[in-house]
Amino acid sequence: MQNIVIGTYTGTGAAINVPLGFTPDYVEVYNVTDGDDKWEWFSSMTDGHALYSRSVTDNATSGNAGMSRITSNGVSVYAGSTSASKGFTVGTALSESGKTFAYKAIRNED
């Protein structure tokens, strides 16, 4: 059985906790506003890390299209204060102020 949650959040420029009710094994985040950035995090990765994909070249101001690994301000597990608030935290790299981000979080149950 799997748990899958799909949703959105609005970036603030600061880290954001996203409650799911479970600890995810996989998180995928898209910048919906700009349509050019995607991040993926797997439970085998270190907290704060993510695989980062840019789909277009941004006038040479933010880098070229391609995939890279970020090692800070990515995705981390969020334990929450109750089991209902368990989920993940997005760091500042995934929280550009005023932008809309869509996410998909998956947990595989054994």
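The model is predicted, with local features requiring pLDDT of at least 70 and side-chain atom pairs pLDDT 80 or more, while totals for chains, interfaces and linings use all residues. Residues are numbered from 1 along each chain as its sequence is written, and side-chain values use heavy atoms, with hydrogens and water left out.

**Exercise 1.** Determine the order of the strands in the open sheet, and find which strands stand at its edges.

*Solution.* Begin with the strands, which are DSSP runs of E with at least two residues, numbered from the N terminus, and which pair if DSSP finds at least two bridges between them. Eight strands then follow one another as β1-β8-β3-β4-β5-β6-β7-β2, with antiparallel pairing. Next, β1 (2-10) and β2 (16-19) each have a single partner strand, so one side of each is left without a neighbour in the sheet. Finally, inspect β3 (residues 26-31) and β4 (residues 37-42), which are joined by five bridges; Glu 28 has Glu 40 as its bridge partner in β4.

**Exercise 2.** Characterise the aromatic pair of Tyr 9 and Phe 101 by its geometry and its burial.

*Solution.* Rings of Phe, Tyr and Trp (its six-membered ring) pair if their centres lie within 6.5 Å, and planes under 30 degrees apart count as stacked, over 60 as edge-to-face and the rest as tilted. Tyr 9 and Phe 101 are stacked, at 5.2 Å centre to centre with 10° between the planes. Tyr 9 lies in strand β1 and Phe 101 in strand β8 (residues 100-108), 92 residues apart. As to burial (buried is under 20% relative accessible area, exposed over 50%, partly exposed in between, with a 1.4 Å probe and protein chains only), Tyr 9 is buried at 8% and Phe 101 is buried at 0%.

Key:
Helices (H or I, at least four residues) and strands (E, at least two) are DSSP runs, numbered from the N terminus.
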